[in-house]
Amino acid sequence: MRAKQTLTDPSRKSTDTAPASVLADLGRQQLAVAADAACALLRGSEAMRAIQHQAAHEAAVRHQAAAQKLRESHEPAELVAIQSDLLRYDLQGATEYWQQITAAALQSQVEMMASATHLLNSDKGGALKSAMESFQAAITSGNGFLAGKPATTGSQARA
């Protein structure tokens, strides 16, 4: 019995642009973008957790030092000064904390957007880019299905 021979020539480059292969490649590209975005989201989560850990540690050290000073102090003016310093540093720490959290969140969003935009700007993103353009054209074409409908007033709706 003869062994089956392949009918394709291995020296020929695959230029398969059949709809099935384009859809399969589009799905693969979407999964890759989703995985990249998930990695960016997880890195952002790690960064935020590190910021939270650092802020909590610094606040604990500050409060521990204030507690020690409060135990040793007996003058009312010193007690007020310790409490006002603690409040000032806590407000300053909270401001820095939220600035760092916001910066980490924005960085995470930038990385997530970059995971999709680098694909759209590359040669490999042709199928994804054309699918996105087709979708955008369908939305703006005014076919009534995906296009926004004008708002109706109560009297127009009853008529």
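Of the 159 residues of the protein, 13% count as buried; buried means under 20% relative accessible area, exposed over 50%, and partly exposed in between, with a 1.4 Å probe and protein chains only. This is a predicted model, in which local features need pLDDT of at least 70, side-chain atom pairs count only at pLDDT 80 or more, and totals for chains, interfaces and linings use all residues. Residues are numbered from 1 along each chain as its sequence is written, and side-chain values use heavy atoms, with hydrogens and water left out.

**Overall build**

- The protein has four helices and zero strands. Helices (H or I, at least four residues) and strands (E, at least two) are DSSP runs, numbered from the N terminus.
- From the N terminus on, the order of elements is α-α-α-α.
- Among contacts with a separation of 6 or more, 68% join residues 24 or more positions apart. Contact means heavy atoms within 4.5 Å.
- The accessible surface comes to about 12800 Å². Carbon and sulfur atoms hold 61% of that surface. Areas come from the Shrake-Rupley method with a 1.4 Å probe; for residues, only the protein chains shown count as cover.

**Helix α2**

- Helix α2 covers residues 76-120, which is 45 residues.
- From first C-alpha to last, α2 reaches 66 Å, close to the 66 Å expected at 1.5 Å a residue. The expected span is 1.5 Å times one less than the number of residues.
- α2 bends by about 25 degrees at Ala114. The bend is the angle between axes fitted to the seven residues ending at a residue and the seven starting there.
- Which residues of α2 are buried? They are Ile82, Leu86, Tyr97, Ile101, Ala104, Ser108, Ser115 and Leu119.
- An α-helix has 3.6 residues a turn, so residues three or four places apart point the same way.

- Ser108 is found in helix α2. Ser108 counts as buried because its relative accessible area is 7%.
- Not counting residues up to four places away in sequence, Ser108 touches Ala40, Leu41 and Gly44.
- Ile101 also lies in helix α2. Its relative accessible area is 10%, so Ile101 counts as buried.
- Ile101 touches Met48, Ile51 and Gln52, again leaving out residues up to four places away in sequence.
- Ile101 and Gly44 are 57 residues apart in sequence, and their C-alpha atoms are 9.5 Å apart in space.

- Ala59 sits in helix α1. Ala59 is partly exposed because its relative accessible area is 22%.
- The C-alpha atoms of Ala59 and Tyr89 are separated by 8.6 Å, while the two residues are 30 residues apart along the chain.
- Ala65 is found in helix α1. With a relative accessible area of 38%, Ala65 is partly exposed.
- Ala65 and Ile82 are 17 residues apart in sequence and 9.7 Å apart in space, C-alpha to C-alpha.

**Largest pocket**

- The largest pocket has a volume of about 200 Å³. A pocket is an open set of points on a 1 Å grid over the protein atoms alone, where a 1.4 Å probe fits, with protein on both sides within 12 Å along at least five of seven lines. Grid points are joined across faces, edges and corners, and a volume is the space filled by probe spheres set on the points.
- The pocket is lined by 13 residues; lining residues have an atom within 4 Å of a point.
- Nearest the pocket centre lie Ala55, Glu58, Arg62, Gly93 and Glu96.
- α1 (19-72) and α2 each supply at least two residues of the lining. The largest share, seven residues, comes from α2.
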